[in-house]
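The exercises below are meant to be worked through with the sequence and the model side by side. Try each task before reading the solution that follows.

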Amino acid sequence: MSFLRREPVLLQAAFLALINLLVAFGLVELTAEQTGALVGVLAAVLGLWARRLVTPVSTLKEKK
């Protein structure tokens with residue numbers, strides 16, 4: 001699990017490349033439009049997931 005937290009963008013890129021390879025070699029039969037839509041949605045979802053892992057969370061205190 002620590003690899004996922006250290007390299008979320010690498011995992012995202014590898015997953016999207018795997019989807020494209022599966023379609024390119026005919027292991028999954030999708031049209032170009034379906035492939036583009038699938039990759040777009042997965043990139044958005046995985047991007048949000050990666051951002052959540054790498055964005056620091058802190059509490060700001062107001063100055064008086």
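Predicted model: local features only at pLDDT ≥ 70, side-chain atom pairs only at ≥ 80, totals over all residues.

**Exercise 1.** Work out what span helix α3 should have, and compare it with the distance between its end C-alpha atoms.

Solution. Helix α3 covers residues 32-54, which is 23 residues. The expected span is 1.5 Å times one less than the number of residues, so α3 should span 33 Å. Its end C-alpha atoms lie 32 Å apart, which agrees with that expectation.

**Exercise 2.** Which residues of α3 are buried?

Solution. A residue counts as buried under 20% relative accessible area. In α3 this holds for Thr35, Val39, Leu42, Leu46, Ala50 and Leu53. In an α-helix there are 3.6 residues a turn, so residues three or four places apart point the same way. Across the protein chain of 64 residues, buried residues make up 17%.

**Exercise 3.** Is leucine 30 buried or partly exposed, and where does it lie?

Solution. Leucine 30 is found in the loop between α2 (8-24) and α3. Together with Leu21, Phe25, Leu27, Val28 and Leu38, Leu30 forms a nonpolar surface patch of about 570 Å² accessible area.

Notes:
Residues numbered from 1 in each chain as written. Heavy atoms only, no water. Helix = DSSP H or I, 4+ residues; strand = E, 2+ residues; numbered from the N terminus. Buried < 20%, exposed > 50% of the residue type's maximum accessible area, 1.4 Å probe, protein only. Patch = residues over 30% accessible without salt bridge, like charges linked within 9 Å, V, L, I, M, F, W, Y side chains within 5 Å. Areas by Shrake-Rupley, 256 points an atom, 1.4 Å probe, with all protein chains shown as cover. Salt bridge = Lys/Arg side-chain N within 4 Å of Asp/Glu carboxyl O.
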